[in-house]
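Student: Could you take me through one part of this model in detail, namely its nonpolar interior and the helix packing that goes with it?

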Amino acid sequence: MPLTFYKKPALVAYVTCGDPDLATTREIVIAAIEAGADVIELGVPFSDPVADGPVIQRASERALKHGTSLGQVLTLAAEIRQQAQSTGLIVFSYLNPILRMGMKKFCKVARAAGVDGALVTDLPVEEAGEYLQSMREHDLAPVFLAAPTSPDERLKRIAQASRGFVYAVSRTGVTGARQQLAEDARKLVRRLRRVTKLPIALGFGISTAEQFAEVGEFADAVVIGSAIVETIERNRGREAAAVGEFVRQLSAVSRQPSVASR
């Protein structure tokens with residue numbers, strides 16, 4: 001599946017679908033892919049995004065005003081897949097929209113659209129039995145969040161349930177750009193290395209090329225979300241071009257030797 005990371009650090013780029021509209025989201029995603037993004041997280045807007053900070057909350061509100069739905073996001077995924085065969089596509093959603101569609105129907109439609117996997121941010125691995133079964137039946141990769149506060153036994157369970165990669169949360173709290181990375185991030189990646197051979201992507205709070213390079217020294221991939229959504233918010237009328245420029249700056253770091261080796 002296209003969730004293989006061919007360079008380090010690989011870039012996982014998040015967008016809120018439907019912000020400012022679905023046609024522009026498609027242009028933004030294609031621009032990000034052409035600029036070097038390895039995996040795209042297609043964010044499904046939700047009315048109560050409890051894991052997200054103010055930037056993505058505002059994006060969700062704007063997308064919902066246009067009536068953006070999970071079904072439309074999956075249609076968008078199919079359109080993107082036609083243009084990008086080797087890029088990983090992950091649906092990033094809260095559980096409620098998937099339950100409304102129906103778990104089995106979601107997995108069937110997602111697979112037909114060319115989606116590679118899903119991250120359901122508010123679904124604990126302990127309660128994911130039906131979800132995991134449906135994902136397996138349709139050859140989709142479930143990606144789970146691992147937090148610094150998770151005990152070792154839970155990290156092991158998360159790693160065993162995940163496919164593609166494990167998403168390590170750099171700190172507790174909601175999404176959003178931060179000036180500095182928490183030391184918890186390095187510790188969490190080290191703990192995950194002990195229980196899995198899957199690639200580890202680090203997200204939450206990473207927003208600059210310098211932070212991207214720093215994370216690349218100890219993680220396999222970096223998830224950039226709020227910084228991309230904020231770039232979209234600040235560049236009305238030229239969203240795709242602005243995201244392409246930003247992603248290109250980050251991708252340039254991936255092609256360079258790590259800071260530690262220079």
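**The nonpolar core and its helices**

Tutor: In this predicted model, the largest nonpolar core has 71 residues, and those that touch the most other members are Ile40, Leu42, Phe106, Tyr131, Leu202, Ile224 and Ile228. The largest share of this core is contributed by α1, with seven residues. Apart from this core lies another one, of 22 residues, which includes Ala10, Tyr14, Val55 and Val169.

As for geometry, the axes of α3 (residues 70–83) and α5 (residues 103–113) come within 8 Å and cross at roughly 20 degrees; because angles under 35 degrees count as roughly parallel, α3 is roughly parallel to α5.

Ile228, another of the core residues that touch the most other members, belongs to helix α10 (residues 226–234), whose buried residues are Ser226, Ala227, Ile228, Val229, Thr231 and Ile232. The cover over these buried residues of α10 includes the strands β1 (10–16) and β9 (221–224), together with the helices α1 (22–35), α2 (54–65) and α11 (239–254).

How values were computed: Residues are numbered from 1 along each chain as its sequence is written. This is a predicted model: local features need pLDDT of at least 70, side-chain atom pairs count only at pLDDT 80 or more; totals for chains, interfaces and linings use all residues. Side-chain values use heavy atoms; hydrogens and water are left out. Axes are lines fitted to C-alpha atoms, for helices over the stretch in contact, and angles run from 0 to 180 degrees between N-to-C directions. Helices (H or I, at least four residues) and strands (E, at least two) are DSSP runs, numbered from the N terminus. Angles under 35 degrees count as roughly parallel, over 145 as roughly antiparallel, 65 to 115 as roughly perpendicular and the rest as oblique. Buried means under 20% relative accessible area, exposed over 50%, partly exposed in between (1.4 Å probe, protein chains only). Contact means heavy atoms within 4.5 Å. A nonpolar core is a set of buried Ala, Val, Leu, Ile, Met, Phe, Trp, Tyr and Cys residues joined through side-chain atoms within 4.5 Å.
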